[in-house]
Amino acid sequence: MDAKKLGKKIKLARVELDMNQTEFAEKIKAAQKSISRYENGLSTPSITTLMKIAKVLKKPVSYFLDEWYISFV
């Protein structure tokens with residue numbers, strides 16, 4: 001999974017819902033610093049966290065995954 005690509009998708013979906021990082025972090029029960037690291041491609045969330053992210057951002061989990069990754073799952 002390309003961390004930078006994933007981070008851009010998370011940020012775009014969050015901004016579409018007019019949510020700042022702090023609000024988003026509270027909704028998924030994570031630290032704001034974690035959200036920043038995800039969005040900047042410095043780390044990737046666990047699959048459990050990614051499922052929370054998808055739910056809060058109203059997107060299917062597949063939206064956040066690379067097409068390459070999906071083809072091998």
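Lysine 9 lies over the face of tyrosine 63, at 5.7 Å from the ring centre. The charged end of lysine 59 also sits over the ring of tyrosine 63, 4.8 Å from its centre. A charge sits over a ring if NZ of Lys or CZ of Arg is within 6 Å of the ring centre and within 35 degrees of the ring normal. The model is predicted: local features need pLDDT of at least 70, side-chain atom pairs count only at pLDDT 80 or more, and totals for chains, interfaces and linings use all residues. Residues are numbered from 1 along each chain as its sequence is written, and side-chain values use heavy atoms, without hydrogens and water.

Tyrosine 63 also takes part in an aromatic pair. Rings of Phe, Tyr and Trp (its six-membered ring) pair if their centres lie within 6.5 Å; planes under 30 degrees apart count as stacked, over 60 as edge-to-face and the rest as tilted. The protein has one aromatic pair by this rule. The ring centres of tyrosine 63 and phenylalanine 64 are 4.9 Å apart and the planes stand at 90 degrees, so the pair is edge-to-face. Phenylalanine 64 is buried, at 1% relative accessible area. Tyrosine 63 is partly exposed, at 24%. Buried means under 20% relative accessible area, exposed over 50%, and partly exposed in between (1.4 Å probe, protein chains only).

Across the protein, buried residues make up 33% of the 73 residues. There are six helices and zero strands. Helices (H or I, at least four residues) and strands (E, at least two) are DSSP runs, numbered from the N terminus. Contacts (heavy atoms within 4.5 Å) were also counted. Of those with a separation of 6 or more, 58% join residues 24 or more positions apart.
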